[in-house]
Amino acid sequence: MISVRNLEKVYGSGSTAVHAIKNANFEIEKGEIFGVIGFSGAGKSSLIRCINLLERPTSGEVIVNGTDLTKLSTDELRKARRKIGMIFQHFNLLSSATVFDNVAAPLKLNKAPKEVIRKKVSELLEVVGLSNRAQAYPSQLSGGQKQRVAIARALANDPEILLCDEATSALDPQTTESILDLLLDINKQYNLTIMLITHEMHVVKKICDRVAVMEEGQIVEMGSVLDIFSSPKTATTRNFIRNIFDDQLPEGFLERMQHVPGSRIVRLTFIGESTGHPVLAELTEKYHLKPNILFGHITQIKDTTFGYLVISLTGEAAVLDAALKYVNERGVRAEVIHHV
Ligand SMILES: Nc1ncnc2c1ncn2[C@@H]1O[C@H](COP(=O)(O)OP(=O)(O)OP(=O)(O)O)[C@@H](O)[C@H]1O
């Protein structure tokens with residue numbers, strides 16, 4: 001659906017040049033929700049704006065449905081963009097137009113007949129839950145409602161792709177949830193491909209299938225959200241995950257553990273069905289170990305349950321090795337995070 005190859009974006013030139021995107025390569029499948037996460041200045045906005053050529057890449061290809069957008073004429077690009085909707089952090093609505101007219105704007109631009117516009121706008125306002133606010137002006141709406149109008153407007157030309165530029169960053173947590181639910185609904189209803197950029201791991205966890213982590217213009221990690229959560233490779237990714245659940249051992253804890261030589265601190269990671277395995281009971285029953293639970297967390301990553309438990313185990317090395325091997329074979333990942 002979307003294929004980005006060797007994408008580079010450099011702003012300016014000479015000593016003041018900013019290399020905002022460095023050799024980005026990724027594919028997004030039809031119907032997928034693909035997230036890009038990174039700290040401020042990582043290059044996320046530049047990247048998403050290169051997908052519809054709001055920002056022209058310095059080099060590289062942006063292939064959408066087999067066509068390299070960077071090779072199109074202005075007129076061809078305008079047509080191709082109709083299939084790529086976009087929403088923004090600050091909604092970008094026309095303040096002097098009603099909700100109805102905001103949603104109708106792209107259709108009017110395409111010279112759609114009045115009756116077609118009326119029908120389409122009513123249908124879209126129904127989808128975003130704003131049928132009763134058609135004659136309101138943006139200033140009379142809450143942030144969440146404004147983003148709903150922006151979503152309806154982005155859907156007006158039946159796009160195949162929706163680009164979301166920090167679409168929930170200006171919203172409170174509860175409103176964020178409802179907008180993310182709406183994005184999930186329209187993704188299913190229209191088999192819409194969604195690419196979003198965010199600095200909140202919560203957004204990625206709730207709706208994305210895959211995620212790319214960006215740092216200083218580079219994609220430093222990419223994969224399914226579950227894989228990224230269960231085995232983050234870079235410090236940046238671990239930092240983002242820690243905003244959701246902190247798996248750092250409290251200070252002073254390891255010092256106290258020094259009094260229990262031969263013990264190991266183990267993180268057990270449970271994904272999907274494995275969350276139902278009674279592994280602690282099995283460690284006691286089969287290996288006569290007494291796991292000490294230090295802390296744990298369970299959450300939902302899109303449609304899958306994901307949890308971890310940090311425990312300490314004390315015993316003979318050979319018994320601990322066998323016990324951890326057994327746990328791994330049961331589909332629960334066991335990693336020793338500290339040896340005492
Ligand atoms: N139009 C521009 N001209 C010059 N430099 C730019 C321009 N737009 C972005 N940059 C620079 O490119 C780099 C990446 O910026 P970008 O806005 O893409 O990052 P970001 O990850 O989206 O950050 P934020 O979350 O703060 O929006 C930054 O160093 C930024 O200053």
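Ala, Val, Leu, Ile, Met, Phe, Trp, Tyr, Cys and Pro count as nonpolar, Asp, Glu, Lys and Arg as charged, and the others, Gly among them, as polar. The model shown is predicted: local features need pLDDT of at least 70, side-chain atom pairs count only at pLDDT 80 or more, and totals for chains, interfaces and linings use all residues. Residue numbers start from 1 along each chain as its sequence is written.

**View 1. Shell around the ligand.** The ligand is surrounded by 13 residues (a residue is near a molecule or strand if its C-beta atom, placed from the backbone, lies within 6 Å of it). The closest are Tyr 11, Ala 20, Ser 40, Ser 45 and Ser 46. Four residues of the shell are nonpolar, eight polar and one charged. At least two residues each come from β2 (18-28) and α1 (44-51), and α1 gives the largest share, three residues. Helices (H or I, at least four residues) and strands (E, at least two) are DSSP runs, numbered from the N terminus.

**View 2. Pairing of strand β1.** Strand β1 (residues 2-11) runs antiparallel to β4 (residues 59-64), with five bridges; strands pair if DSSP finds at least two bridges between them. Ser 3 faces Ile 63 of β4. Between β1 and β2, also antiparallel, there are seven bridges, and Tyr 11 has Val 18 as its bridge partner. Six residues separate these two strands in a hairpin, and Gly 12 in the turn has a positive phi of about 70°.

**View 3. Surroundings of Ile 84.** Ile 84 lies in strand β6 (residues 84-88). Ile 84 counts as buried because it has 22 C-beta neighbours inside 10 Å (buried: 20 or more other C-beta atoms within 10 Å of its own, with C-beta atoms placed from the backbone). The C-alpha atoms of Ile 84 and Asn 157 are 8.7 Å apart, at a separation of 73 residues along the chain.

Key
Buried ≥ 20, exposed ≤ 12 C-beta atoms within 10 Å, placed from the backbone.
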